Amino acid sequence: QAGRIDSNTKSCSIPLPLLPSDFLNIDFATRKIAVHLKQTKVIVQNGDKFETKTLSTFRNYEVDFTIGEEFEEHTKALDNRVVKTLVIWDGDKLVCVQKGEKENRGWRQWIEGDLLHLVKNILRPPVQE
């Protein structure tokens, strides 16, 4: 996904796709509301410290982190998980890895020109036979 960065406010609106409910454990009603939302992503960087806000008319979510320092994150405005989160640089991309009850979660984001790109990593566990 990519969204255009507003150079005045340093914010970006990114349409986030909805995934099947078994990926995120988000109830049907919340998914129906979310499909109509326009989200704004606000990122403030001060050296290795980041303050991020995802804003919408339905829910807001804030998370602050320092590159390379693992922290406990409560995703209460999203899918209500408690995870250990680590964000690192991979070249010019920020990469987030979350460890907790659901594995293979996280995201990658980077800027190209005036576009902010976001890729969410949500992988299904292998099928047990």
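Glutamate 112 lies in strand E9, which covers residues 105-112; helices (H or I, at least four residues) and strands (E, at least two) are DSSP runs, numbered from the N terminus. The structure is a predicted model, in which local features need pLDDT of at least 70 and side-chain atom pairs count only at pLDDT 80 or more, while totals for chains, interfaces and linings use all residues. Residues are numbered from 1 along each chain as its sequence is written, and side-chain values use heavy atoms, with hydrogens and water left out.

With a relative accessibility of 47%, glutamate 112 is classed as partly exposed. Buried means under 20% relative accessible area, exposed means over 50%, and partly exposed is in between (1.4 Å probe, protein chains only). The side chain of glutamate 112 makes a polar contact of 3.2 Å with the side chain of tryptophan 110. A polar contact is a pair of N or O atoms within 3.5 Å; within protein, one must be able to donate a hydrogen and the other to accept it, and residues adjacent in sequence count only if both atoms are side-chain atoms. Between the C-alpha atoms of glutamate 112 and aspartate 92 the separation is 9.7 Å, and the two residues are 20 residues apart along the chain.

Threonine 85 belongs to strand E7, formed by residues 82-90. Its relative accessible area is 1%, so threonine 85 is buried. The side chains of threonine 85 and glutamate 73 are joined by a polar contact of 2.7 Å. Beyond neighbours within four places in sequence, threonine 85 has contacts (heavy atoms within 4.5 Å) with Glu69, Glu70, Phe71, Glu73, Cys96, Val97 and Gln98.

The protein as a whole contains two helices and 10 strands. Read from the N terminus, the order of the elements is β-β-α-α-β-β-β-β-β-β-β-β. Of the 129 residues, 32% are buried. Residues at least 24 apart are joined by 29% of the contacts between residues at least 6 apart in sequence. The accessible surface is about 8,600 Å², and carbon and sulfur atoms account for 51% of this surface; accessible areas come from the Shrake-Rupley method with a 1.4 Å probe, and for residues only the protein chains shown count as cover.

The predictor's confidence in each residue is given as pLDDT, from 0 to 100. The mean pLDDT of the protein is 75, with 69% of residues at 70 or more. Over residues 15-23 pLDDT stays under 50, and the model has 19 contacts beyond four places in sequence for this stretch. Residues 124-128 also have pLDDT under 50, with three contacts beyond four places in sequence.
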